[in-house]
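Subject: Structure for you to look at, with notes

Dear colleague,

I am passing on a structure that I would like you to open beside this message. Please look through it first, and then read the notes that follow.

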Amino acid sequence: MIEAPSPTAIPAPVLPRGQALWRGLRANPLLVAGGLTAVLILVVAVAAPLLAPFPGDAGSATHPFFVLRPPSAQHWFGTDQVGRDVLSRVIYGARISPLVAVIVLVIACVIGIPLGIAAGYFGGWVDEVIMRVTDVFLAFPSLLLALALAAVLPTSLTSLTIAIAVTWWPWYTRLIRGQAASVAGRPYIDSCRALGIPAWRIITRHVLPNSVTPLIVQVSLDVGGVILTASALSFLGLGAQDPTPDWGLMVSEGQTYFTTDWWVVTFPGIAILVTAFAFNLLGDGLRDLLDPKRSLLP
Amino acid sequence: MTGYVARRVALAALVVAGVIIATFVIARVVPGDPAATWAGPHASAAQVAAARRFLGLDRPPLVQLLAYFGGILSGNWGLSIHTHQPVLSDIGTAAPASLELVTAAMIIALAVAVPLGLVSARWPGGLVDQAIRAVSILGVSMPIFWMALILQLVFSQRLHVLPAAGEYSPGLLFSHPLAQRTGFSLIDATISGNWPMLGSILVHLVLPAVVVAAYPAGLIARMVRAQVLDTVSETHIQMIRALGFSERTVYSRFAMKLAWNPVAAAVALVFGYSLVNTFLVEAIFDWPGLGSYTAASIATLDTPAILGVTLFIALVYVAANLAVDIIQSVLDPRIRLR
């Protein structure tokens, strides 16, 4: 994902921690709005069985006599092509996209961080090899590489998660490498080396903790991007399969009936938009709050 | 200067080699047997074996890789399973429509996003700034396949103001047939003076282009805001203010001038992203480009076609980045020293 750089922060007067945080939040209503919405989505995901009016409809239930009913008091979001309650499926969908995003980002960090640290700390040919491989991965727009991989793997949510994760780690490697290289060049790291402290200890105790802040910001910015990528692949038929209540898949399935039965497509799409928007607002606000000077663009 | 360019070109060539190897590896990851797919569902063992020999799958992997390399470089990108045509010629037929669509989207995105970013940067922190920021984040949060369906429903099915699908009204094929010269329909219509056709293409282009523009517009607006804010605090802008230029001129002429460089780099990057986004949009609008071709390839599990498109877009992407790097180094000599 490409990200726009943020403006330089105006140096603020030093305040007690709680007060500074409070002021930061007050000055950034978008961050608060995004954060609250994201929390709400997670609550919906956890409480799905309690909130969904027809929990059975999240699965393979069919109701042949209730096919494609418009929104009503009983079915707020209408029913789909096999008579399932769209609201229940949208609610259960909150369990899928955010979970895919979390798994993708964890895998991307697990691959990306060690490689980035190794490249940045050791330099030399290790750096060359890792970064040239990274360059190749970054030569594909991430959706494209994920799509090519998902197209050759057996179609499932697991394949989709793997495909996206494979395209996501190089960004983190590049980011961490830059940080680690600048930390590794500082005098206190030289002192550590001079004291004979083993490399793995220097890395885990000093380099990693001092390189990781921008990564945290980037990960929070990427949740929305992964959700969009996953839903796009599901829309193309390369992810979840029916009866999984995946939002992208629901939009794809409703497409056929769209001109007459608009609700089947509209509500899952709004769910994708609101979720991606909430996490993007949250990530963008966090970046301004924590790390105002960084950008991924060269 | 030549040294810098030579280094960048060498690096790009290395990346291209890596990209070709990557697509080869993906093709070999295919679970199941490409030879069986090729031979069809009712093929006998002998037919599958013949297909394997025909496709060269019986040779050692390294030989296959070299043959694959040779094929790519000599223009033999394999045969598409669903069109039975060479993949490269399919791409050649489909690419112009997608490039036109993405170019139109970029023009829309720049026309909308640059003024928004400037306004946002002029009164930072205000209500207008917050609103523009929210709208630009909304742009990058948009599931564009859904946006495409919604706009199609509203503007063509309900309001009947724009056509729902296609590249032009089919009736024009009889009254004003399009002369094929460059393959780019807009250019062909213009150079042959076919105005009714040009108008029809432009009208059909509006909805898909607006949808593809959503992501770049959001991105560019945020970039312009950030860059301009960075610039206006610099001393030479203070100088321009001191010379008595109006605030409007300070922003739109002087601050924006320095913002163009990174914005141009972002546009080149996002061009590649948008080419991929056409995969989600073209099939909905029946726009005859790479996106529709890829969607059909996915539906038919046409691996050679999917990988061909993947390779093509990756090459466009590498070339665009290289071009931007070189142009920037010409415009801004500081870059060469980094």
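This is a predicted model: local features need pLDDT of at least 70, side-chain atom pairs count only at pLDDT 80 or more; totals for chains, interfaces and linings use all residues.

Of the 338 residues in chain B, 42% are buried. Among the contacts in chain B with a separation of 6 or more, 71% are between residues 24 or more positions apart.

Helix α12 of chain B covers residues 247-285, which is 39 residues, yet its end C-alpha atoms are only 43 Å apart, whereas a straight helix would reach 57 Å at 1.5 Å a residue. When you follow α12(B) along its length, you will find a kink of about 50° that is centred on B:Met256. Just after α12(B) comes B:Asp286, with a positive phi of about 55°, a positive value in a residue other than glycine. B:Asp286 is found in the loop between α12 and α13 (290-299) of chain B, and because it has 14 other C-beta atoms within 10 Å, it is partly exposed.

How do α12(B) and α14(B) cross? The axis of α12(B) and that of helix α14 of chain B, residues 303-331, come within 9 Å and cross at roughly 175°, and α12(B) is therefore roughly antiparallel to α14(B). Residues that make this contact include B:Ala264, B:Ala268 and B:Leu275 of α12(B), together with B:Val316, B:Ala320 and B:Val324 of α14(B). Sorted by class, the contact of α12(B) with α14(B) has 14 nonpolar and four polar residues, with no charged residues.

A second residue in chain B has a backbone angle to note, for B:His84 has a positive phi of about 60° although it is not a glycine. B:His84 lies in the loop between α4 (61-73) and α5 (87-122) of chain B, and because it has 8 other C-beta atoms within 10 Å, B:His84 is exposed.

Turning to chain A, the place of A:Asp85 is in the loop between α3 (48-51) and α4 (86-93) of that chain. Is A:Asp85 buried or exposed? A residue is buried if 20 or more other C-beta atoms lie within 10 Å of its own, and A:Asp85 counts as buried because it has 26 such neighbours. Leaving aside residues up to four places away in sequence, A:Asp85 touches A:Pro53, A:Phe54, A:Asp57, A:His75 and A:Thr79. Elsewhere in chain A, the peptide bond from A:Asp242 to A:Pro243 is cis, with omega near 10°, and A:Pro243 lies in the loop between α11 and α12 (247-254) of chain A.

Finally, the two chains meet: 47 residues of chain A are in contact with 50 residues of chain B. On the side of chain A that touches chain B, two or more residues come from each of α2 (29-46), α6 (124-138), α7 (142-152), α11 (213-235) and α13 (263-290) of chain A, and the largest share, ten residues, comes from α13(A). By class, that side of chain A has 34 nonpolar, ten polar and three charged residues.

With best wishes

Terms used:
Residues are numbered from 1 along each chain as its sequence is written. Chains are lettered from A and ligands numbered from 1 in the order in which they are written. Two residues are in contact if their C-beta atoms, placed from the backbone, lie within 7 Å. Helices (H or I, at least four residues) and strands (E, at least two) are DSSP runs, numbered from the N terminus. Ala, Val, Leu, Ile, Met, Phe, Trp, Tyr, Cys and Pro count as nonpolar, Asp, Glu, Lys and Arg as charged, and the others, Gly among them, as polar. The expected span of a helix is 1.5 Å times one less than its number of residues. The bend at a residue is the angle between axes fitted to the seven residues ending there and the seven starting there. A residue is buried if 20 or more other C-beta atoms lie within 10 Å of its own, exposed if 12 or fewer, and partly exposed in between; C-beta atoms are placed from the backbone. Axes are lines fitted to C-alpha atoms, for helices over the stretch in contact, and angles run from 0 to 180 degrees between N-to-C directions. Angles under 35 degrees count as roughly parallel, over 145 as roughly antiparallel, 65 to 115 as roughly perpendicular and the rest as oblique.
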